[in-house]
Amino acid sequence: MDGCAQLAEACARVAARTSDPAQFLRELGHEAAGVRRGPRWPLDAGRGGSNRIRGRGFRRHVDDGTDGQARHFAGIVAVAARLGTRTTRWLSIHVGRDAPESADGRLTDHALDFVRGLRSGELQPADAADWVRSTICGQGSGLTSR
């Protein structure tokens, strides 16, 4: 199973434990990127989390050629769950140095859309795995087209 498919499976596991969007976002950040849930989360986020899920399988426009894209997505989700999407995007660009037009910048934007959707109720935790598969996963993750 590739990294993006594993990220989708992590979404499904977390959604099975909670339907609360805020808790879902924090739990996903912990499970997929190693960002702790408690007051020390900034330490984990500041060092970039950890690659709990390794592998590829992401669509070309968000694939930077590394095995850390699941960590990137889930780490952005974990930070945005706590600091909001605007602050997280600013940090990604100015601290993380992820140019908006780069693969990491585009993946950040998708992660922030994911957070916004969950917070607004447009996306439910139970549907998060399918959102990941259809939005950021490539053909190797079970999609039939790009």
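The legends below describe close-up views of a predicted model.

Figure 1. With a relative accessibility of 12%, Ala-5 counts as buried, because buried is defined as under 20% relative accessible area.

**Figure 2. The salt bridge between Arg-133 and Glu-9.** The side chains of these two residues, Arg-133 and Glu-9, meet with an N to O distance of 2.7 Å. Arg-133 belongs to helix α7 (residues 128-135) and Glu-9 to helix α1, so the contact ties together parts that are 124 residues apart in sequence. Arg-133 is partly exposed, at 22% relative accessibility. Glu-9 is likewise classed as partly exposed, at 30% relative accessibility.

**Figure 3. The salt bridge between Asp-109 and Arg-89.** In this pair, Asp-109 and Arg-89, the closest N and O atoms are 2.7 Å apart. Asp-109 lies in helix α6 (residues 103-120) and Arg-89 in helix α5 (residues 85-94); the pair therefore ties together parts that are 20 residues apart in sequence. The relative accessibility of Asp-109 is 24%, a value that counts as partly exposed. For Arg-89 the relative accessibility is 28%, and this residue also counts as partly exposed.

**Figure 4. The salt bridge between Asp-113 and Arg-116 within helix α6.** An N to O distance of 2.8 Å separates the side chains of Asp-113 and Arg-116 where they meet in a salt bridge. Both residues, Asp-113 and Arg-116, lie in helix α6, and their spacing of 3 residues corresponds to about one turn of the helix. Asp-113 has a relative accessible area of 41% and is partly exposed. Arg-116, at 38% relative accessibility, is partly exposed as well.

**Figure 5. A network of salt bridges.** Side chains of opposite charge can pair when their charged atoms come close. In this view, Arg-13, Arg-17, Glu-27, Glu-31 and Arg-37 are linked through such salt bridges into a network. The structure as a whole holds 11 salt bridges.

Key:
Residues numbered from 1 in each chain as written. Predicted model: local features only at pLDDT ≥ 70, side-chain atom pairs only at ≥ 80, totals over all residues. Heavy atoms only, no water. Buried < 20%, exposed > 50% of the residue type's maximum accessible area, 1.4 Å probe, protein only. Salt bridge = Lys/Arg side-chain N within 4 Å of Asp/Glu carboxyl O. Helix = DSSP H or I, 4+ residues; strand = E, 2+ residues; numbered from the N terminus.
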